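Me: Can you walk me through this protein model? Keep it short, please.

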Amino acid sequence: MDKGGDKMGFSYCWSEKIDIQGRLITGSYPFDTQGSVLEELVARNFVGNASVPLFRASALRECGVYLARSEQAGVQGCEDWELLLRVAEKYRAGLVPATLVKYRQVPGCMSLDAKGMGRSYECVMRLVRQRNPQLPEALFRWSAANFYSYLVSKCSGANDPGSCLWALAKAIRADPKLTANRRFQRMGLKNLAKLVIYKLAGTARPQLQAPQLPTRDPEVERQGSVFSSTAP
């Protein structure tokens, strides 16, 4: 922040996701985006989570602070992303290229409410469109494909097949080319089978779980689209 001067509105670092016991789930994909980042930040929240960014106080005094629940159609989830976007519209971003944050994933956390996260996301992108009419529509399609693909992976890992399939449909609507992605196909079929089994057995919605410990995979670790071939 000191090196960036007054034109740097926030800086960020890399982070890792950990479970309740502090064991590594995944490391964040090491983005190196900095400077004028508005379009890249619309496409995906490369900062990752609200524990990461350091904001310049003067930037917050000019741009404002987090949206309230009442400003997001009664839900929460993407207000940290929206604040980053609002600051990025007027300021530059800086990067400390080191993993300095561990982000704990727990059962029942807010980010596992896929539909609530989806409503918050749609509200955020509507506000960004209103403030930035010059941004191309294709950018928002890439953003939606990235965001809902991320929810597909997260809901699948949390054993929530209904929400996984809902997010899958939203991702395909944003980017129909996702239907040709084999990993996307496998995850969709797996969760469809789970949902059918639960229905036939008369089982109530399964208890959400913290994401399971996977094999490290750079593609899966990317915050944003796990599947889309058209995202920038």
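Me: Is E82 buried or exposed?

Reply: This is a predicted model, so every value here is computed from it. E82 counts as buried, because its relative accessibility is 1% and the cut-off for buried is under 20%.

Me: What does E82 form a salt bridge with?

Reply: With R86. The closest N and O atoms of E82 and R86 are 2.5 Å apart.

Me: Where do E82 and R86 lie?

Reply: Both lie in helix α3. They are four residues apart, about one turn of the helix.

Me: Why does that spacing matter for where residues point?

Reply: An α-helix has 3.6 residues a turn, so residues three or four places apart point the same way. As for charge, side chains of opposite charge can pair when their charged atoms come close.

Me: And R86, buried or exposed?

Reply: R86 is buried, with a relative accessible area of 12%.

Me: Which residues are linked with E82 and R86 in a network of salt bridges?

Reply: E89 and R131. Together with E82 and R86, they form the network.

Me: How many residues of α3 are buried?

Reply: 10 of its 10 residues, so the helix at 79-88 is mostly covered, with buried meaning under 20% relative accessible area. Among them are W81, L83 and V87.

Me: What covers them?

Reply: Several elements do. They include strands β1 (8-18) and β3 (54-55). Helices α1 (38-43), α2 (57-63), α4 (114-131) and α5 (137-157) are also among the covering parts.

Me: Back to salt bridges. How many does the structure hold?

Reply: Eight. One of them joins K170 and E122, with the closest N and O atoms 4.0 Å apart. K170 lies in helix α6 (residues 161-174) and E122 in helix α4, so this pair ties together parts that are 48 residues apart in sequence.

Me: What about E137, which residue does it form a salt bridge with?

Reply: R129, with the closest N and O atoms 2.8 Å apart. E137 is partly exposed, with a relative accessible area of 41%. R129 also counts as partly exposed, at 34% relative accessibility.

Me: New topic. How many residues does the largest nonpolar core have?

Reply: It has 51. F10, V42 and L85 have the most contacts inside it. Helix α5 gives the most to this core, with 10 residues.

Me: What is L85 in contact with, leaving aside its neighbours within four places in sequence?

Reply: L38, L41 and V42 are on the list. V124, M125 and V128 are on the list as well.

Me: Now S15. Where is it?

Reply: In strand β1. S15 is buried, with a relative accessible area of 3%. Its side chain makes a polar contact of 3.4 Å with the side chain of N49. Setting aside neighbours within four places in sequence, S15 is in contact with residues including G27, V52 and T99.

Me: How do α6 and α7 pack?

Reply: At an angle of about 140°, with their axes 9 Å apart. Helix α7 spans residues 182-201. The crossing of α6 and α7 is left-handed.

Me: Which residues make that contact?

Reply: From α6, they include P161, C164 and I172. From α7, they include F184, G188 and Y198.

Me: Tell me about G188. Buried or exposed?

Reply: G188 is buried, with a relative accessible area of 10%. Beyond its neighbours within four places in sequence, G188 is in contact with L165 and L168. The C-alpha atoms of G188 and S153 are separated by 9.9 Å, and these two residues are 35 apart along the chain.

Me: Last one. How many helices and strands are in the chain?

Reply: Eight helices and four strands. Along the sequence, the pattern is β-β-α-β-α-α-β-α-α-α-α-α. Of the 232 residues of the chain, 49% count as buried. Among contacts between residues at least 6 apart in sequence, 78% join residues at least 24 apart.

Conventions
Residues numbered from 1 in each chain as written. Predicted model: local features only at pLDDT ≥ 70, side-chain atom pairs only at ≥ 80, totals over all residues. Heavy atoms only, no water. Buried < 20%, exposed > 50% of the residue type's maximum accessible area, 1.4 Å probe, protein only. Helix = DSSP H or I, 4+ residues; strand = E, 2+ residues; numbered from the N terminus. Contact = heavy atoms within 4.5 Å. Salt bridge = Lys/Arg side-chain N within 4 Å of Asp/Glu carboxyl O. Core = buried A, V, L, I, M, F, W, Y, C linked by side-chain atoms within 4.5 Å. Polar contact = N/O pair within 3.5 Å; in protein donor to acceptor, adjacent residues only side chain to side chain. Axes fitted to C-alpha atoms, helices over the stretch in contact; angles between N-to-C directions. Left-handed = near helix turned anticlockwise from the far one by under 90°.
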